[in-house]
Amino acid sequence: MKPSPIQTSAPAAFSNFMDRRGFLRQGAAFGAGLYLATSKSAVAQAENAQRTLKVGIVGCGAQGQRLLDACKDIPGLEFVAVCDIWNFNRNMVMGRFRGSASQPAQYEDIEEMLAKQKDIECVIIATPDFMHAPHTRLALKAGKSVYCEKMMANTIEAAKDMVRAQRETGGILQIGHQRHSNPRYLHLRDNVLRKAKLLGRITHCYGQWNRGVSASQALDMPKKYEIPADKLSKYGFDNAFQYRNWRFFKKYGAGPISDLGAHQIDLFNWYTGKTPVSVMAQGGVDYYDGKDGRQQYELPDNVMAMYEYKTDEGTMRAYYQVLTTSGSQGYYEKLMGIDGSVAFSESPTYNQIYREPNAQSWEPFAQGENPLVIRAADQVYNKFWEKPKPWTRPKSWLDVKKGAADARESKALENWILPVILSRPPHAPHLENFFTAVRTKNPAILNCHVEEAFRTCVTVLKCYESMQTGNKVVFKPEDFTV
Ligand SMILES: NC(=O)c1ccc[n+]([C@@H]2O[C@H](COP(=O)([O-])OP(=O)(O)OC[C@H]3O[C@@H](n4cnc5c(N)ncnc54)[C@H](O)[C@@H]3O)[C@@H](O)[C@H]2O)c1
């Protein structure tokens with residue numbers, strides 16, 4: 001019988017979020033998965049099961065709300081403060097505490113929150129990118145541990161400031177590249193690639209995030225939810241359109257290549273343990289150009305970037321694209337090695353791993369309680385990419401008939417899947433890793449330390465230099481140091 005995918009889940013423990021019994025129950029469940037956040041995490045959870053962490057969240061928009069929901073999956077947290085300049089989003093978050101014994105205090109201004117709310121131990125930052133550096137510095141200086149969303153910053157200088165703030169304070173600072181704590185990504189990296197080397201030498205990587213055309217964020221909110229112009233200007237926004245669509249304006253964000261590419265370009269660095277030697281990129285404001293009723297954005301709505309890496313095995317090239325005018329094939333990452341390829345993503349739809357026909361058999365790796373790979377079920381394996389096809393090698397070139405395989409065509413690859421699936425909210429393991437580091441006062445266990453995230457930030461933002469000059473940018477070692 002084929003082993004079925006291992007679900008690495010933990011039961012939700014609600015509270016605000018402090019139900020003691022739920023907390024202890026969940027502590028016991030933690031050893032169960034193949035990978036949770038880290039094995040150290042499970043031990044530390046048990047050791048510190050009595051300590052509740054008091055948390056404040058800054059930025060209550062889409063991502064702040066997702067992080068808060070993910071925290072319901074983590075025991076031992078009490079939210080004591082929520083902060084946002086916009087009462088509508090603050091209320092959205094407060095609604096999640098309805099019926100809870102304790103209610104978080106509400107703040108508009110992070111400085112006021114830090115000054116008044118001395119009991120906060122951890123701050124989660126999910127504000128627009130341009131506020132990450134100042135907010136992180138304020139929180140670290142106030143002695144708090146910080147979980148700050150990706151992209152770290154919209155400029156390299158601001159990202160450097162975050163590194164410096166961490167070094168000056170010695171505080172715990174995790175950046176929200178949540179794939180670093182995702183059990184499927186860890187299984188692939190540690191077991192399939194590094195230990196068993198099932199893909200052989202990886203020569204190419206690919207990543208894409210394709211989104212279809214979408215309207216800009218609406219401005220026609222009911223009057224009571226409008227955010228006054230003087231408040232916007234107090235917090236650095238030029239107008240309501242830019243406040244709502246901050247990602248596409250360089251004062252606040254760094255466009256889709258940063259917003260979405262941050263996750264996937266980061267993977268190239270993270271998996272290889274290297275930084276690239278060069279990048280060549282093209283992109284532009286090709287669609288959202290203000291013409292024919294379309295909205296006008298400032299930063300490129302599509303980018304294609306080619307990176308070159310020198311790994312221990314030789315040259316590796318990585319291609320990345322982000323589109324905002326086509327949702328074709330969604331978002332995923334792909335690694336291509338001489339012995340196999342893998343297409344995977346945070347979305348469980350993408351979970352295909354393929355053996356090259358001439359590579360060693362993978363059967364030995366599919367045995368036992370914790371197989372590295374498992375055979376794809378017939379109905380599953382062709383759902384996304386490599387279609388199995390009848391293949392008989394034509395006797396010669398001239399034998400090729402209409403519709404038959406060309407003699408030069410490669411044989412179809414063998415279809416497998418990865419057996420580890422995350423069945424918790426995607427941010428839960430990464431947040432949990434952060435809270436464990438706080439509880440154990442051990443930044444060494446952080447899965448995405450600020451110094452590592454800084455290198456990703458440079459890797460991504462340097463695309464702009466290439467786009468502006470039209471030239472290949474060759475990285476210098478000092479580009480990645482602070
Ligand atoms: N890790 C991920 O998968 C992921 C996914 C989406 C977004 N993000 C990141 O999360 C962050 C927020 O993105 P979002 O989609 O929630 O944006 P959003 O615009 O929906 O929310 C941002 C919120 O921050 C508030 N805000 C702005 N300035 C503030 C200030 N000075 N003080 C307090 N609050 C302030 C806004 O009012 C808004 O409620 C970004 O850095 C983004 O890159 C990460």
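Which residue in strand 7 is the bridge partner of Cys 148? The partner is Ile 175. The structure is a predicted model, in which local features need pLDDT of at least 70, side-chain atom pairs count only at pLDDT 80 or more, and totals for chains, interfaces and linings use all residues. Residues are numbered from 1 along each chain as its sequence is written.

Strand 6 (residues 145-148) and strand 7 run parallel and are joined by three bridges. Helices (H or I, at least four residues) and strands (E, at least two) are DSSP runs, numbered from the N terminus; two strands pair if DSSP finds at least two bridges between them. An open sheet is formed by six strands in the order 4-3-2-5-6-7, with parallel pairing. Strand 4 (105-107) and strand 7 (173-175) each have a single partner strand, so one side of each lacks a neighbour in the sheet. From one strand to the next, the twist averages 20° (axes are lines fitted to C-alpha atoms, for helices over the stretch in contact, and angles run from 0 to 180 degrees between N-to-C directions).

Helix 12 (residues 261-272) packs with helix 14 (residues 450-469) at an angle of about 110°, and their axes are 9 Å apart. The two helices are therefore roughly perpendicular to each other (angles under 35 degrees count as roughly parallel, over 145 as roughly antiparallel, 65 to 115 as roughly perpendicular and the rest as oblique). Residues in contact (C-beta atoms, placed from the backbone, within 7 Å) include Ile 265 and Asp 266 of helix 12 and Arg 455 and Val 460 of helix 14.

Conventions. Two residues are in contact if their C-beta atoms, placed from the backbone, lie within 7 Å.
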